[in-house]
Amino acid sequence: MDPSPDQKLDMYRLMLLARRLDERAWVLHRQGKIAFHISGIGHEAAQVGAAFAIRRGSDWVTPYYRDLALMLALGMTPAEFLMGLMGKRDEPNSGGRQMPSHWSLRRANAVSHSAPVATQSVHAAGIGLAIKLRGDDKVVLTTIGEGSTSQGEWYEAVNWAAVHRLPVIFIVQNNQYAISVRAEKQMAVQSAADKACGLGLPGIMVDGTDVFAVHRAVKDAVDNARAGNGATVIETRMYRITPHSSDDDDRTYRSREEVEENKRRDPLLLARARLQEEGLLSESQYDEMDTQIKASIEEAVKQAEAAPYPAGEEALHPVYAEEVRHA
Amino acid sequence: MAKITMREAISQALWEEMERDPKVFILGEEVGLWGGTYAVTKGFFDHFGAERVRDTPIAEAAIVGAAIGAALTGLRPVAELMTINFAFSAMDHIVNEAAKLHYMFAGQMVLPMVIRAVGGGGRQLGATHSQTPDAVFAHFPGLKVVAPGTPADAKGLLKAAIRSNDPVLFIEHATLYQTRGEVPDGELIVPIGKSKIQRLGRDVTLVTYSKMLEVSMKAAEQLAAEGIEVEIVDLRSLRPLDMDPVLESLKKTNRAVIVEEGWKSYGVGAEIASRIYEEAFDFVDAPIKRVAQAEVPLPYNRTLEQMALPNAADVVKAVKEVL
Ligand SMILES: Cc1ncc(C[n+]2csc(CCOP(=O)(O)OP(=O)(O)O)c2C)c(N)n1
Ligand SMILES: [Mg+2]
């Protein structure tokens, strides 16, 4: 089923929010107010499209570091994200313990994110197994970059999910680079989706700059998984518009022309044009939305800046479960 | 004698060995075009070419496993792991293969390979990017583990490692790359498995290595201002471990403090202290103290991270406690 006009506008609003927030994070970094940022600019369509295809808050998600738009779609607030960037005490991912954009939002069933890549894929397989064992009516959505599908764990996870027909959707966000290394140095196949056929499950390629196309593809996979028909690998193709992270200078390995050329396929431009065509978002409605979003972000920045840092002693806890009262 | 950075020293060692021996080659993530995560191999790609400076897929198990395979044919691979934290993805190959092949097959083949890995905290990279698990690797017979604290030792030890016929884990500290030090001109080989006195003193023996050498030196200066002279022994190699300078120094000072960045439990300090008790108990006049990281995964937030890492003040305090 296609999203309703209201849902379409919601999807676009989240994409724009993610973009503006991400741009604000780069500014905070330039101002020396945060130590690190890893950006999701260019990835918004894939993430929002996927998020809208699951039951948000009920289905499980094991994300990766570029998933700002996905996390916002799952209900993380801009202030929460910004507090994470600043390592504040009350940021919900880790209370300042983990690097920014290493997500964990228990209330959204978004869990498991470590720095070593591809660990989340295996955890997703395990969650899928548990869903089957528990008889839950849920699926797992897990995301990863194309470079990280070189990792043995990714193959192992996908193979498991295929063998046991687990309700897992493996999204590969192919932004064509792993730091400086181009996708063709990671895999000899054209698409990460091609890897699926060797493992015995469907592999789908979809334009990752088209939010509605991604939504449709992921929705089909989710329906399949929920019906007991097992896992799907979906490659969403886009371009990493920014450097890898705030520690990277991408001018050393790709030309400005290449980047500019690819900005023409900016997922936000495409979605906005579509909504305009469908008469859902006029020029003035867009301006209003953008102004509102920017104002809400400034408000969130103030809130995050005012929030307290953790006290030094907090470093010592909670190493073990017994140190915290768990539900 | 030139004063160069640790980064330059490591880079020079690699460069010289690649020029000297065509069998030496580099493989790892981002080592080529990008010049390495810490810019150690900058310029190598252009000079030595893509064949000998090979960007690999993101797959640490394959990087180490492939280095083993190549070494078995007589090549001398230098595998780079972006951080030592990712060595855990390659643990089977490091521990079950690299450390054991020579012994298990009765010395039929040698494994002339080096794994370069960046360890240590202090850069706000979070718990799974900032560990100092050196002792874990030093646990395994068959592997050599070195972790230099000065540019000269880095250069000399890396050259020795590349020429060694055994697998060597060469641990670089993420916050030492800019550290400058005198490096002798010309050929420089520092033998693996030799500790070194880095500062002479009479009151307390400080045993340390890598980043904590710098921290201990700083503490030593503060203590000297108060009239306390510590002697600093830099282990440089964790396996094989050379206790001679440690024991000699201890017989003079009769007191020891061990400073390591990793966790105290089952760590380097535990090993050194037991060896001292086993081999020189009669010379020990005060309980041996250990300075180490708080027993938590290292946090991201700067305050939390600094709170968990050992620093010069901790060392000063420990020295005063044994006096
Ligand atoms: C096991 C492991 N090896 C290496 C790294 C270092 N690293 C972090 S991100 C990255 C590139 C990942 O590229 P890709 O999977 O394409 O994701 P992208 O960043 O492009 O979204 C690398 C090599 C890591 N985090 N974990
Ligand atoms: Mg990528």
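This is a predicted model: local features need pLDDT of at least 70, side-chain atom pairs count only at pLDDT 80 or more; totals for chains, interfaces and linings use all residues.

1. Residues are numbered from 1 along each chain as its sequence is written, and chains are lettered from A and ligands numbered from 1 in the order in which they are written.

2. Chain A contains 11 helices and seven strands, where helices (H or I, at least four residues) and strands (E, at least two) are DSSP runs numbered from the N terminus. Along the principal axes, the C-alpha atoms of chain A fill a box of roughly 55 × 50 × 45 Å.

3. In chain A, 51% of the 327 residues count as buried, a residue being buried if 20 or more other C-beta atoms lie within 10 Å of its own, exposed if 12 or fewer, and partly exposed in between, with C-beta atoms placed from the backbone. Among contacts in chain A with a separation of 6 or more, 75% come from residues 24 or more positions apart, a contact requiring C-beta atoms, placed from the backbone, within 7 Å.

4. Chain B has 12 helices and 14 strands. Its radius of gyration is 19 Å, close to the 20 Å that the globule rule gives for 323 residues, so chain B is as compact as a globular protein of that length. For chain B the buried share is 55% of the 323 residues, and residues 24 or more positions apart supply 79% of its contacts with a separation of 6 or more.

5. How do helix 1 and helix 11 of chain A cross? The axes of helix 1 (residues 5–30) and helix 11 (residues 283–306) of chain A come within 10 Å and cross at roughly 45°, the axes being lines fitted to C-alpha atoms over the stretch in contact, with angles from 0 to 180 degrees between N-to-C directions. The contact involves residues including R13(A), L17(A) and R24(A) of helix 1 and D290(A), K294(A) and V301(A) of helix 11. Its residues divide into seven nonpolar, no polar and five charged, with Ala, Val, Leu, Ile, Met, Phe, Trp, Tyr, Cys and Pro counted as nonpolar, Asp, Glu, Lys and Arg as charged, and the others, Gly among them, as polar.

6. At the interface, 32 residues of chain A are in contact with 27 residues of chain B. The chain A side that touches chain B divides into 15 nonpolar, 14 polar and three charged residues.

7. Most residues other than glycine have a negative phi, and most peptide bonds are trans. The bond from H317(A) to P318(A) is cis, with omega near -10°, and P318(A) is in the segment after helix 11 of chain A. The bond from R239(B) to P240(B) is also cis, with omega near -5°, and P240(B) lies in the loop between strand 12 (237–239) and helix 9 (244–253) of chain B.

8. I179(A), although not a glycine, has a positive phi of about 50°, and I179(A) is buried, with 22 other C-beta atoms within 10 Å. A39(B), likewise not a glycine, has a positive phi of about 60°, whereas A39(B) counts as exposed, with 12 C-beta neighbours inside 10 Å.

Conventions
Two residues are in contact if their C-beta atoms, placed from the backbone, lie within 7 Å. The radius of gyration is taken over C-alpha atoms; the globule rule is 2.2 Å times the number of residues to the power 0.38.
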